[in-house]
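Please read the briefing below alongside the sequence and the three-dimensional view.

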Amino acid sequence: MSLPIIIDCDPGIDDAFSLAMAIASDDLEVLGITTTYGNVGLSHTTTNALRVVDWFGADIPVYSGVDRALLGTPVDASEYHGATGLEAPELGPPSSVPQSEDAVSFLIRTLRVSTRKITIVASGPLTNLAVMLRLAPDVAAKIERIVFMGGSTDYGNDSPAAEFNMLCDPHAAQIILDSDIPTTMFGLNVTHQVIATPERVQMLRSIGNDTGRVFADMSVYFEKVYRERYGFNGSALHDSCTLAWLILPELFETRVMRVDVETNSGLSYGRTVHDIWNIAGKVPRTEVAVHADAEGFFTLLKSLLAKLR
Ligand code: BDR
Ligand code: CA
């Protein structure tokens, strides 16, 4: 039986990889895609989600969400993903439009009527999910788990201390972490272990289908900043770790601990704080990924992309 999921994302190159993996996987049933501002503005991320879904001919509704953080100054990641967030001309413009219902209403309605618990996969700022919990705290009981990309047990990428998704909306992230919903976190400490090196990109290209070629090109576009700023031998496919874990959890080592986010201004604004010794005595609810089997990840990615057009 496949796992029912909703993907909340800001595509975004690595978000697009996640969408492709979810569409290809027989283990997952994607009930809907909700979009958030993040890498670029909401109108671009929504268009990009539709472009990916339509290019694959997938029958998945897309709902547009919140266009800014609860508090704080807007940031974006267009230097990584390009001005529109997904510079992949071959995907073309979308052939469909977003649903008229907004993302938060869709989440609340779907969770309330569902007879099964639903897993939410989040790969952007957590604003939609925080607004959902504030409007409808009852839906928490219907959420199996929130699997999110964000934070880091060590350093940041958009400030010295903070990872981009957390820095966009630390208050929203703290609302999620304060709820009693189980969470799994894929932070930079583990996503930086999953690098699309030239050899791995060539492996994707060698699949020989349109998907392998177009997604190989996307990851090459993505790697410029990773080479220049971090000295990495390729881009990090951050968001795709969430999907890979749902499909093949043995690819990752995790450790349960309490995680909070710094919401006060200052040098550490947006940083995740990891209480590995349970010093604060709060309930540890987050399974934090600490190690990735990168070869296994790319083998899985290749096998999934090979199933697509
Ligand atoms: C995260 O920030 C975004 O640019 C990526 O899509 C990913 O979700 C990495 O810090
Ligand atoms: Ca993202």
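The points that follow are grouped by topic.

This is a predicted model, in which local features need pLDDT of at least 70 and side-chain atom pairs count only at pLDDT 80 or more, while totals for chains, interfaces and linings use all residues. Residues are numbered from 1 along each chain as its sequence is written, chains are lettered from A and ligands numbered from 1 in the order in which they are written, and side-chain values use heavy atoms, with hydrogens and water left out.

**Overall fold**
- The protein has 12 helices and 11 strands, taken as DSSP runs numbered from the N terminus (helices H or I, at least four residues; strands E, at least two).
- Its radius of gyration, taken over C-alpha atoms, is 18 Å, close to the 19 Å of the globule rule for 309 residues, so the protein is as compact as a globular protein of that length; the rule is 2.2 Å times the number of residues to the power 0.38.
- Buried residues make up 59% of the 309 residues, where buried means under 20% relative accessible area, exposed over 50% and partly exposed in between (1.4 Å probe, protein chains only).

**Calcium site**
- The calcium ion (ligand 2) is coordinated at 2.2 to 2.6 Å by Asp-10 (OD), Asp-15 (OD), Asp-15 (OD), Ser-123 (O) and Asp-239 (OD); donors are N, O and S atoms within 2.8 Å of the metal (3.2 Å for Na, K and Ca), and sites may look incomplete, as water is not among the atoms.
- Asp-10 lies in the loop between strand E1 (3-9) and helix H1 (13-24), and Ser-123 in the loop between strand E4 (118-122) and helix H5 (127-135), so the pair ties together parts that are 113 residues apart in sequence.
- Both Asp-10 and Ser-123 are buried.

**Strand pairing**
- Strand E9 (residues 252-261) runs antiparallel to strand E11 (residues 286-292), with 6 bridges between them, and Glu-253 stands opposite His-291 in E11; two strands pair if DSSP finds at least two bridges between them.
- E9 is also joined by 4 bridges to the antiparallel strand E10 (residues 272-275), where His-274 is the bridge partner of Val-259.

**Backbone details**
- The peptide bond from Pro-11 to Gly-12 is cis, with omega near -15 degrees, and Gly-12 lies in the loop between E1 and H1.
- Asn-278, in the loop between E10 and E11, has a positive phi of about 55 degrees although it is not a glycine.
- At 35% relative accessibility, Asn-278 counts as partly exposed.
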